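Please view the sequence and the structure together before reading on.

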Amino acid sequence: MSASIHYPTASLRPHKEEQLLKGHLWVFSGALQQVPKWVQPGGLLDLKDARGQFIARGYYNNRTDIAIRILTRNSDELIDVDFFRKRIRHAMEVRVSLNTEQTNAYRLVNAEGDGLPGLIVDRYADIMVVQIHTLGMEQLRPLVVEALVAETGTKGVLIRNDNQSRRREGLYLGHPVVAFGEVPEKVEMIENGIRFLVDPYEGQKTGFFLDQRDNRETLRRYVQGKRVLNCFSYTGGFSVYAAKTSKVNRVTSVDISEPAMEQARENFVLNGLDLDLHEFVVQDAFEYLEQARRDKEKFEVVVLDPPAFAKNKNSFEQALLAYERLNMLGMQLLRPGGVLMTSSCSGVVSMKDFMETVTKAAEKLKLSLQVYDKYTNALDHPINKAMPETAYLKTVFYRVGA
Ligand code: SAH
């Protein structure tokens with residue numbers, strides 16, 4: 001199809017196209033020469049280089065440092081339902097190796113990682129939960145829903161509008177909206193053969209932290225016959241895996257959210273586990289860890305999966321200090337030779353920064369560390385190689401020795 005629609009045009013300053021040609025999808029406002037006044041915030045436009053050559057097509061926002069996010073580098077590709085259908089089909093192909101009998105919940109669209117900036121789609125069995133982070137994607141929402149329904153045969157699409165990042169885009173925060181079909185209050189899904197209930201309306205993010213799927217499976221290698229502490233447990237993801245691995249395992253889950261802990265208990269029951277054999281603690285994890293140290297509690301495995309401590313570059317140093325403190329607290333509760341699984345989901349903290357921080361924590365305690373396993377994003381959270389910040393998840397399994 002030839003482009004019969006003419007999008008408004010913006011131009012780059014000289015030599016600002018290099019990163020875009022490598023596949024980066026963001027244009028900062030400082031890189032722009034001029035944007036026509038009639039381009040509406042959130043509207044589509046074509047980007048040209050300083051000599052007037054077409055570079056890419058994307059959407060614009062004058063309120064944010066990232067002025068343009070790229071949708072395509074093909075000038076013949078219009079941003080219509082077919083565009084979204086193609087991108088979704090491609091995303092499905094990328095995930096084809098997931099065994100859907102064992103795992104029917106995964107991230108179907110991972111924003112920049114799948115070439116669709118500002119769009120997240122998580123699939124829970126037959127239900128799709130969508131997050132839209134940018135004004136530009138918000139304006140394309142009807143196309144997204146139509147394409148999702150057509151390509152996936154989903155029974156229901158729920159749009160969550162409560163992500164804080166919407167604010168700086170000039171978007172409202174609001175209640176979830178059913179955009180297609182029916183979406184039940186709770187959806188049952190399976191992950192690596194383990195059952196979970198997800199609350200798509202009220203749960204954190206879209207209801208479940210799918211990015212840790214592989215690490216939850218990996219944890220099972222280390223927990224046989226062990227006493228396990230899972231801090232920031234949310235609805236019990238790592239905890240259920242640990243408890244299911246062996247009847248003699250004892251798992252303590254700690255999270256500050258009462259509803260999350262209630263759901264964790266339900267997830268234990270759903271998997272035939274005995275609630276009386278395990279502990280469920282609603283408390284600040286730092287407080288819990290301090291108290292447990294004073295009480296001389298010991299565990300053989302400690303899992304630390306906190307929320308992002310660094311939301312942006314400004315909080316980078318502070319975040320490293322928080323990771324150091326948290327990991328010291330976690331290590332202090334381990335028996336010699338115990339396993340620490342520790343994560344950071346802060347995009348601005350690299351694997352190198354994170355591992356150096358954990359090393360520092362161990363040095364302060366005069367403990368030795370050996371690395372067992374080290375992971376970034378699972379395959380349904382693809383990384384855009386030109387954008388290192390899309391490799392946001394770092395998880396390391398350490399053996400901690402005296
Ligand atoms: N590991 C989980 C996901 C963790 S998400 C899983 O596999 O599903 C981070 C969790 O940290 C959320 O559940 C949030 O409620 C919790 N949280 C945030 N701040 C906390 C704090 N100070 N103490 C304990 N939990 C906290």
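## The surroundings of Asn-377

Apart from neighbours within four places in sequence, Asn-377 is in contact with Ile-383, Thr-390, Ala-391, Tyr-392 and Leu-393, where contact means heavy atoms within 4.5 Å. The model is a predicted one, in which local features need pLDDT of at least 70, side-chain atom pairs count only at pLDDT 80 or more, and totals for chains, interfaces and linings use all residues. Residues are numbered from 1 along each chain as its sequence is written, and side-chain values use heavy atoms, with hydrogens and water left out.

Asn-377 is placed in the loop between β19 (368–375) and β20 (394–401); helices (H or I, at least four residues) and strands (E, at least two) are DSSP runs, numbered from the N terminus. With a relative accessible area of 12%, Asn-377 is buried. On this scale, buried means under 20% relative accessible area, exposed means over 50%, and partly exposed lies in between (1.4 Å probe, protein chains only). The side chain of Asn-377 reaches two backbone oxygens: that of Thr-390 at 2.9 Å, and that of His-381, which lies 3.1 Å from a polar atom of the side chain.

Asn-110 belongs to strand β7 and is buried, its relative accessible area being 8%. The side chains of Asn-110 and Arg-107 are joined by a polar contact of 3.4 Å. A polar contact is a pair of N or O atoms within 3.5 Å; within protein, one must be able to donate a hydrogen and the other to accept it, and residues adjacent in sequence count only if both atoms are side-chain atoms. Not counting residues up to four places away in sequence, Asn-110 touches Arg-95, Leu-119, Ile-120, Asp-380, His-381 and Pro-382.

Ala-111 is found in the loop between β7 (105–110) and β8 (119–124). Ala-111 is buried, with a relative accessible area of 10%, and has a positive phi near 45 degrees, although it is not glycine. Most residues other than glycine have a negative phi.

## The ligand site

The ligand is surrounded by 15 residues, of which the closest are Arg-216, Asp-255, Asp-284, Ala-285 and Asp-305; a residue counts as near if one of its heavy atoms lies within 4 Å of the molecule or strand in question.

An oxygen atom of the ligand is 2.7 Å from an N or O atom in the side chain of Asp-255.

Arg-265 lies in helix α8 (residues 258–270) and is partly exposed at 32% relative accessibility. Beyond its neighbours within four places in sequence, Arg-265 is in contact with Leu-275 and Phe-280. The C-alpha atoms of Arg-265 and Gly-236 are separated by 7.6 Å, although the two residues are 29 residues apart along the chain.

The axes of helix α9 (residues 285–294) and helix α10 (residues 316–332) come within 9 Å and cross at roughly 35 degrees. Axes are lines fitted to C-alpha atoms, for helices over the stretch in contact, and angles run from 0 to 180 degrees between N-to-C directions. Helix α9 contributes Phe-286, Leu-289, Glu-290 and Arg-293 to the contact, while α10 contributes Ala-322, Arg-325, Leu-326, Leu-329, Gly-330 and Gln-332.
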